[in-house]
Amino acid sequence: MTAADRWREQLAAWAIPEAILANAPESPWGFATECFRRRGASSPDPAPTPTTRRALEALPDGGTVIDIGVGGGATSLPLAGRAGSIVGIDAQADMLDGFLANAAAAGVEAGGVTGTWPGAAAEVEPADVVVAGHVLYNVPAIEPFARALDAYARRRVVLELTAKHPLDWMRDLWLRFHELERPVGPTADDARAVLADLGFPAEREDRVVAGERVSGGFGRREDAIHSIRKRLCLPADRDAEIADALGDRLREFDGVWDVGPVERTVVTLWWDPYRA
């Protein structure tokens with residue numbers, strides 16, 4: 001089995017069983033625009049992350065950036081001080097609205113394309129740096145995704161992802177509410193192995209994130225709980241149980257409610273395209 005096959009197989013194992021989906025009061029899929037817009041609005045971080053540093057290393061003054069799965073712009077807007085323009089690509093049009101508003105506030109020229117990568121590649125021009133933050137675990141077929149990244153980046157590709165699957169921290173919740181064991185993979189190690197097989201020898205840098213918001217956060221506690229209830233395919237009358245099960249994974253930061261692991265490892269992968 002190739003590394004790409006292993007990645008695809010492990011991602012498929014995260015599918016929610018049909019019996020649970022059939023009783024879900026709402027779809028467990030999709031992302032809360034509020035969180036992503038707030039994350040983008042808080043950029044740039046005064047302490048640049050490894051992802052930001054690696055992108056800046058390759059980005060010339062006035063250079064161009066493509067941000068795939070842009071959300072609110074949390075991955076690319078920390079580059080606004082140097083970038084001449086940023087193009088964000090996202091499957092959710094409301095995410096792009098948030099990104100464009102955040103980009104305007106940051107004072108950088110920006111454009112948005114509704115779609116997914118690599119399908120949306122035909123609608124953009126190559127850029128100096130191409131970034132994709134917290135997208136890979138939504139990509140079963142890494143090969144066409146990565147080859148398009150490499151083709152569209154003149155100077156560097158920079159990826160950010162969690163060391164483990166982003167829903168790994170909910171393992172105990174699935175056991176408690178559905179008696180369902182969740183997979184242990186794939187991981188960032190698996191992603192890097194796929195890239196290596198494709199001829200992209202990605203460098204790696206890890207950072208531990210603790211004591212800060214995991215998501216962009218929610219204005220109301222009940223909305224943070226709802227985000228997890230939705231993922232777990234549970235009805236609203238289970239909110240108190242969910243809050244109890246979350247424990248200190250549901251917390252407040254400066255009036256904003258966050259939900260997620262207390263600590264996690266975030267991985268930056270990057271490579272410079274080879275042009276013969």
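Here is a friendly conversation about some named features of this predicted model and the reasoning behind each label.

Biologist: Which residues make the contact between α9 and α10?

Modeller: From α9 come Arg221, Ile225, Ile228 and Arg229, and from α10 come Asp239, Ile242, Ala243 and Leu246. By class, 5 of the residues in this contact are nonpolar, 3 are charged and none is polar.

Biologist: On to the loop between α9 and α10, where Cys233 has its place. What makes the phi of Cys233 worth a remark?

Modeller: Phi of Cys233 is near 60°, a positive value, and the residue is not a glycine. Most residues other than glycine have a negative phi.

Biologist: How do you know that Cys233 counts as buried?

Modeller: The relative accessibility of Cys233 is 5%. Buried means under 20%, so Cys233 counts as buried.

Biologist: His134 has a positive phi too, of about 60°, although it is not a glycine. Is His134 buried, partly exposed or exposed?

Modeller: His134, in the loop between β4 and α6 (142-152), has a relative accessible area of 28%. That value lies between the cut-offs of 20% for buried and 50% for exposed, so His134 is partly exposed.

Biologist: Now the rings. How many aromatic pairs does a search of the whole structure find?

Modeller: The search finds 3 aromatic pairs. One of them is formed by Trp7 and Tyr137.

Biologist: Why is the pair of Trp7 and Tyr137 called stacked?

Modeller: The ring centres are 5.5 Å apart and the planes stand at 25°. Centres must lie within 6.5 Å to pair, and planes under 30 degrees apart count as stacked, so the pair of Trp7 and Tyr137 is stacked.

Biologist: What makes you say that this pair ties together separate parts of the sequence?

Modeller: Trp7 lies in helix α1 and Tyr137 in the loop between β4 and α6, so the pair links parts that are 130 residues apart in sequence. Both Trp7 and Tyr137 are buried.

Biologist: And what makes the pair of Trp117 and Tyr152 edge-to-face?

Modeller: Here the centres are 5.4 Å apart and the planes are at 80°. Planes over 60 degrees apart count as edge-to-face, so that is the label for Trp117 and Tyr152. Trp117 is in the loop between β3 and β4, and Tyr152 is in helix α6, so this pair ties together parts 35 residues apart in sequence. At 8% relative accessibility, Trp117 counts as buried.

Biologist: What is the form of the peptide bond from Trp117 to Pro118?

Modeller: That bond is cis, with omega near 10°. Pro118 lies in the loop between β3 (109-114) and β4 (127-133). The bond from Gly185 to Pro186 is also cis, with omega near 0°, and Pro186 lies in the loop between α7 (171-178) and α8 (188-197). Most peptide bonds are trans.

Biologist: Last one: how do you know that the side chains of Gln10 and Asp190 make a polar contact?

Modeller: The distance is 3.5 Å, and the cut-off is within 3.5 Å for a pair of N or O atoms, one able to donate a hydrogen and the other to accept it. Gln10 is found in helix α1 (residues 3-12). Leaving aside neighbours within four places in sequence, Gln10 is in contact with Gly185, Pro186 and Asp190.

Note on methods:
Residues numbered from 1 in each chain as written. Predicted model: local features only at pLDDT ≥ 70, side-chain atom pairs only at ≥ 80, totals over all residues. Heavy atoms only, no water. Contact = heavy atoms within 4.5 Å. Helix = DSSP H or I, 4+ residues; strand = E, 2+ residues; numbered from the N terminus. Nonpolar A, V, L, I, M, F, W, Y, C, P; charged D, E, K, R; others polar. Buried < 20%, exposed > 50% of the residue type's maximum accessible area, 1.4 Å probe, protein only. Phe/Tyr/Trp six-rings, centres within 6.5 Å; stacked < 30°, edge-to-face > 60°.
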